[in-house]
Amino acid sequence: MFVLVVGGGKVGYYLAKELIESNHEVVVMEKDRARAAQITDEIGSIVVAQDGCEGKYLGEAGCARADIVAAVTGDDEDNLVICQMAKHHFDVRRTIARVNNPKNEDLFRHLGVDEIISPTRMILGSIEQDIPVHELLHLGGLGGSELEIIEAHLQDGSPAIGRTTGELSIPEGCSLFAVVRDGVASPLRPDTVLRSGDKVIAIGRADCEAMLHEQLIGSEPEALRPGL
Amino acid sequence: MKIVIVGCGRVGAALAESFDALGNEVIIIDITTRAFDRLSDEFRGSAIRGDGTDEDVLRRAGAEGADVFLAFTEGDNRNVMAAQVAAENLGAARVIAKINDPVRAAAYSDLGIATICRTTMQSDAVHLYLGLPTSDMPGVIAPTGRHHGGEHHEPVRPAAGGTEA
């Protein structure tokens, strides 16, 4: 597999190193010459010391034959442009962008970036898991789709307690598939009666959340998560 | 018309003033307030400090539903992003992004964003003056394709002819 990595910061550097160790062909584009030289010293002459946002240099780095382009610079707008140029100008099959501002995720997805990695969102997700709020927790996204895995911790006052999953009005495009009770995970059946303390795991689109919240947590969702 | 300009450099400020003088509603946005020193005291539009690629900032500035949206900062990619946010999420009718890399400028007009490329314009102007052949590219390259995520609105209407180099 030929992977073109744009951005030779910490992420790009370790990404290239790991890919080479797994016997993939890698080219790194890094416009800062000093940094490019440093990477060359450490992992060999796989670096093109040019701006990967510029069409001419993307072409010279072999973008047209890349299987994957990973845009991992520190700037969202650069990563967007790199992926769009790769996708639409060089017909690259798969583009991956690092996104810092979680609010940009939807825009990137909408504009055709195949995979979006958001360190901010991941850390935020981790923090949410530690906060005992009466909210839905985002456990992660499903690659290549708009679906998210969501956990609802049922506490006293939840309208779902004492009811079966079949009795709840679960929004279309959303599925409750498992329950964690006393540390044991089991599949949710339409006749499973929900109890206080249950953790219900659902898959659904982000726009199902308000409804899920109402059914499983009760009350109005609080805007804990940016971008909603 | 409601005209939103991101980037209050020489060109952005000059356009803001001329559109304002013609009686339009002008909103100009820049990341530094110092940039607004370029505007004359006669300017009656709004000058708002903020990141023009941030949708929230643009909404707060009142950019929603602009008739014309111009992305004229010093960064090609910032312009591309601001222009796409405007076209996709803010319902701007006509959007122009300044992109100085000719390859990127052509690529984005294929993607449905009108672009203006200083490199091509200046090179053509010099060629023209010296009597040499020019690229024949218009000053503003009209969008030729539909914007990628543009299934929910009509393609941006092409500009009426290019500007002179």
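In this predicted model, B:Phe69 touches B:Val4, B:Ala63, B:Ala83, B:Ala86, B:Ala92 and B:Val95, when residues up to four places away in sequence are not counted; two residues are in contact here if their C-beta atoms, placed from the backbone, lie within 7 Å. B:Phe69 is also listed, together with A:Val5, A:Val69, B:Ala83, B:Ala86 and B:Val95, among the residues with the most contacts inside the largest nonpolar core, which has 85 residues. Helix H3 (residues 76-89) of chain B supplies the largest share of this core, 7 residues. A second, separate core has 15 residues, including A:Leu136, A:Leu154, A:Cys208 and A:Leu212. A nonpolar core is a set of buried Ala, Val, Leu, Ile, Met, Phe, Trp, Tyr and Cys residues joined through C-beta atoms within 7 Å, and a residue is buried if 20 or more other C-beta atoms lie within 10 Å of its own, exposed if 12 or fewer, and partly exposed in between. In soluble globular proteins, nonpolar side chains tend to be buried together.

Residues are numbered from 1 along each chain as its sequence is written, while chains are lettered from A and ligands numbered from 1 in the order in which they are written. Local features need pLDDT of at least 70 and side-chain atom pairs count only at pLDDT 80 or more, whereas totals for chains, interfaces and linings use all residues.

The secondary structure of chain A comes to 7 helices and 11 strands, taken as DSSP runs numbered from the N terminus (helices H or I, at least four residues; strands E, at least two). Strand S1 (residues 2-6) of chain A has 4 of its 5 residues buried, so it is largely enclosed by the rest of the structure. The chain passes from S1(A) through helix H1 (residues 10-21) of chain A to S2(A) in a right-handed β-α-β crossover, meaning that, with the strands pointing away from the viewer, the path from the first strand over the helix to the second runs clockwise. The pairings of S1(A) are set out below; two strands pair if DSSP finds at least two bridges between them.

| Partner of S1(A) | Sense | Bridges |
|---|---|---|
| S2(A), residues 25-29 | parallel | 5 bridges |
| S4(A), residues 68-71 | parallel | 4 bridges |

Within these pairings, A:Phe2 has A:Glu25 as its bridge partner in S2(A), and A:Val3 has A:Ile68 in S4(A).

An automatic or database domain assignment divides chain A into domain 1 (2-117) and domain 2 (122-216), whose centres, taken over C-alpha atoms, are separated by 36 Å. The C-alpha trace of chain A spans about 65 × 30 × 30 Å along its principal axes, and buried residues make up 36% of its 228 residues. A:Val193 lies in the loop between strand S10 (184-187) and strand S11 (199-205) of chain A, and with 12 C-beta neighbours inside 10 Å it counts as exposed. The C-alpha atom of A:Val193 is separated by 62 Å from that of A:Asp41, 152 residues apart along the chain.

Between the chains, 17 residues of chain A are in contact with 18 residues of chain B. Helix H3 (55-60), helix H4 (76-89) and helix H5 (105-110) of chain A are the elements that give two or more residues to the side touching chain B, and H4(A) gives the most, with 8 residues.
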